[in-house]
Amino acid sequence: MRGISSRTFAAGLSALSLGACVFGYRGEVLVSASYPVADISAVRVDLGASPLTIIGDELAPGLELSGAWHSIGGNAAGARELAASSSLQWSVDGSFAELRAVVPLAAEGQVDFELEELRLPPGLDVELRTTLGDIDVIAVQGNISADLDVGHVHIEGGAGGVAVRTGDGNLEIVSTGNIDATTRNGGAKIWQDGAGGNDIIVEVARGDIEIRLRSDANLDLVLRGAELRVQTGTVSTVTRGEFSRQVGAGSVKVWAEAPGGNISVSLLGP
Amino acid sequence: MPAPLAPPGTLELAGTRVGGGPVVVRDAAGDAIATIDLRPGNDVALTLPPGVYSVEDSAQGGRLTLSVEPGKVSRFELRPDGARGVVGEGPRALPPVGPQPATATSSATARPRWKRVGAPLLSAGLPGLGQMVNRQPGKGVGFLLGALALGVGAAVMMGTSGGTDVSSKGLGSNSFGTEAMGAVGYGLLSGGLQMLYAAQIMDAYATAAGVSGPRPRSKHRVSLDLTRMATIGLRPGDPAAGFFPDWSLSVLGQVARRFSVGAGDLSIKQGRGFERTSIQGGLRLHYRFLERDRVWLGAAAGVILQGSFSRPAPLRIPEDAPAPASEGSFAAVPYAQLDLRFFIVDRWSLNLIPRVSAPLAGPRFFNGPGDRAVPSGAATLELGTGVGVYF
């Protein structure tokens, strides 16, 4: 190019790229709602790409929700209007219920629901789904199932069992129930609670696993990882690759696999 | 002992065409040694080493090949109806020049013909490989490293505004600045990669075919453009900003000199999980107001019409719930744009297109998952990068 130097060309390209943007406004509509759970034993929560904070509350009369619809628009009024155009849908089928976010096509990509908090009776089983968002579950004693693409998971409770799958995020689970947890990219800290004796099955593709046991009676230990450290009253070893050992009846599964990381198993202090 | 240098010859350039015109003098290797605006009464004499030279009439698209002999004068004359040349002392008239095939030089005929197809194909498979086949290893390695650097950089920038960094509760739009800069970085690097990739394929062909000075086809009938328009858009959730691309094809016919009309922004877009489909196309009017050597500058205005429809996922609860009805959405997006086209070979250009637009009547959906939409009424500045081909 004779007329325009390459420097001018590159500078022009950079300037134009930096200027490529959308001029818009943001809107927000706060939401609080209560859903009856008198005959419900299990609830599925699917609110799109939202963090989920679920709290078991003995005093909660039903499913008590608070959150906000966030939106974007070409002007302030349009943004508010879009935020109000979407809804939460509560559906019941026998003892199973589902709470989901419904976004019409005309508002797709322009509204997003973010849950502030969901309180519910602690005995309910909960199934949680999100594409993007951390999950925190506290004091829920029913079965807890969480399936998410991206987000950290923190669960305290789940006496009825815990099943977790995340694509990208750390796991922190403290439970008296059987635990089955998987993450592709992140670490896992799994702690037995109460008297212990619950199964732990955990798989981490890229990250470390730390397991703290309440009891080492009747263990069925199967570990696969880079570096393995086991220090309980009955089993102590430091090795690499694979390690398996049965203690007593071997009825309590502690199976951990971390092909790209280390695994440690130890007893919790008194 | 070095051979004695032959005495130079002279190439005279004279013009009788009203208003004159630009001429380019090239040596046998095709390298430009002089670009002259030749006007009546403004003759130019070049003292040159003996050899074969070509003189291009850039305005009318013709080319003469003249030999310059030691101590003799060759003459090129730019006339209203074309150009004529005289070589040495004995005048020798050459055929008038209009639009005609370029004269093959000895260096061009020596090039293997398979490379004209093979070199660009190899460059399409691996950036720089076609240049290496063309015996330009340094340039080939440069293209390869450049493409790798841009690709890795774009991948890194793409990962900066996602993952667990944006999964926390309550981030809101507070992280907009950093996320917007990450998207800008991704847009720049991926756009640069796109342009470099296309440029090195064209360069591989140009070298293999001996094209050193392309002559853009200003008298084309039809042009095709493949373009990625892109902008940094607002998002309602996290991340608060994102990179919004819109790939499309445009087909324009040149109905008058420099003026083209046709269909622009043709594309089909699928949302996440094929739940949403958007079909778009529109009308574009384009005028090319500047043609200079390898560069064209133009401006265009038009409208994109985008229709979207979705089939929502069936309800799981209750079991006998009726299937949700299909939904539809429509947007008309008027726009105005500039375009800069840079030619490496005669029929292909690299395009850079800044545009201003605003969707009306509904949201405008972009490529990728369903969360890339510009709301109705939101003014949008976009940058397009792409390639054009002219028939």
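**A helix position and its surroundings**

Guide: Setting aside neighbours within four places in sequence, B:Leu196 is in contact with B:Phe143, B:Gly146, B:Ala147 and B:Leu150. Keep in mind that this is a predicted model. B:Leu196 sits in helix H5 of chain B. Sequence distance and spatial distance can both be given for a further pair. B:Leu196 and B:Arg284 lie 88 residues apart in sequence, and their C-alpha atoms are 27 Å apart in space.

Now the helix itself. H5 of chain B covers residues 176-209, which makes 34 residues. From first C-alpha to last, H5 reaches 49 Å, close to the 50 Å expected at 1.5 Å a residue. An α-helix has 3.6 residues a turn, so residues three or four places apart point the same way. Just after H5 of chain B comes B:Gly210, with a positive phi of about 75°.

Between them, chain B and chain A bury about 4600 Å², and 63% of that is on carbon and sulfur atoms. In chain B, the residues that lose the most area to chain A are B:Lys169, B:Pro236 and B:Ile317, together 16% of what that side buries. The contact takes 60 residues from chain B and 54 residues from chain A.

Next, the polar side of this contact. The count between chain B and chain A is 9 residue pairs in polar contact, both residues at pLDDT 80 or more. For salt bridges, the count between the two chains is 1. A:Glu108 pairs with B:Arg276 in a salt bridge, with the closest N and O atoms 3.1 Å apart. Which elements of chain B give two or more residues to the side that touches chain A? H5 is among them, and so are strand S3 (32-38), strand S9 (222-234) and strand S13 (295-310). The list also includes strand S14 (327-345), strand S15 (348-357), strand S17 (373-374) and strand S18 (380-390) of chain B. By class, that side of chain B has 30 nonpolar, 18 polar and 12 charged residues.

Step back to chain B as a whole. Chain B has 5 helices and 18 strands. Its C-alpha atoms fill a box of roughly 100 × 50 × 35 Å along the principal axes. The radius of gyration of chain B is 27 Å, while a compact globule of 391 residues would have one near 21 Å.

Over all chains, the structure holds 28 salt bridges. One of them joins B:Glu12 and B:Arg75, whose closest N and O atoms are 3.0 Å apart. This pair links distant parts of the chain: B:Glu12 is in strand S1 (residues 9-15) and B:Arg75 in strand S7 (residues 73-79) of chain B, 63 residues apart.

One loop of chain B deserves a check. B:Pro239 lies in the loop between S9 and strand S10 (241-256) of chain B. The peptide bond from B:Asp238 to B:Pro239 is cis, with omega near -5°.

Finally, the partner. Chain A has 2 helices and 21 strands. The radius of gyration of chain A is 24 Å, well over the 18 Å that the globule rule gives for 270 residues, so chain A is more spread out than a compact globule. Its C-alpha atoms fill a box of roughly 80 × 65 × 30 Å along the principal axes. In the loop between strand S17 (209-213) and strand S18 (219-231) of chain A lies A:Asn218. A:Asn218 is not a glycine, yet it has a positive phi of about 55°.

Technical notes
Residues are numbered from 1 along each chain as its sequence is written. Chains are lettered from A and ligands numbered from 1 in the order in which they are written. This is a predicted model: local features need pLDDT of at least 70, side-chain atom pairs count only at pLDDT 80 or more; totals for chains, interfaces and linings use all residues. Side-chain values use heavy atoms; hydrogens and water are left out. Helices (H or I, at least four residues) and strands (E, at least two) are DSSP runs, numbered from the N terminus. The expected span of a helix is 1.5 Å times one less than its number of residues. Contact means heavy atoms within 4.5 Å. Buried area is the accessible area (1.4 Å probe) that two parts lose on being put together, summed over both. A salt bridge is a side-chain nitrogen of Lys or Arg within 4 Å of a carboxyl oxygen of Asp or Glu. A polar contact is a pair of N or O atoms within 3.5 Å; within protein, one must be able to donate a hydrogen and the other to accept it, and residues adjacent in sequence count only if both atoms are side-chain atoms. Ala, Val, Leu, Ile, Met, Phe, Trp, Tyr, Cys and Pro count as nonpolar, Asp, Glu, Lys and Arg as charged, and the others, Gly among them, as polar. The radius of gyration is taken over C-alpha atoms; the globule rule is 2.2 Å times the number of residues to the power 0.38.
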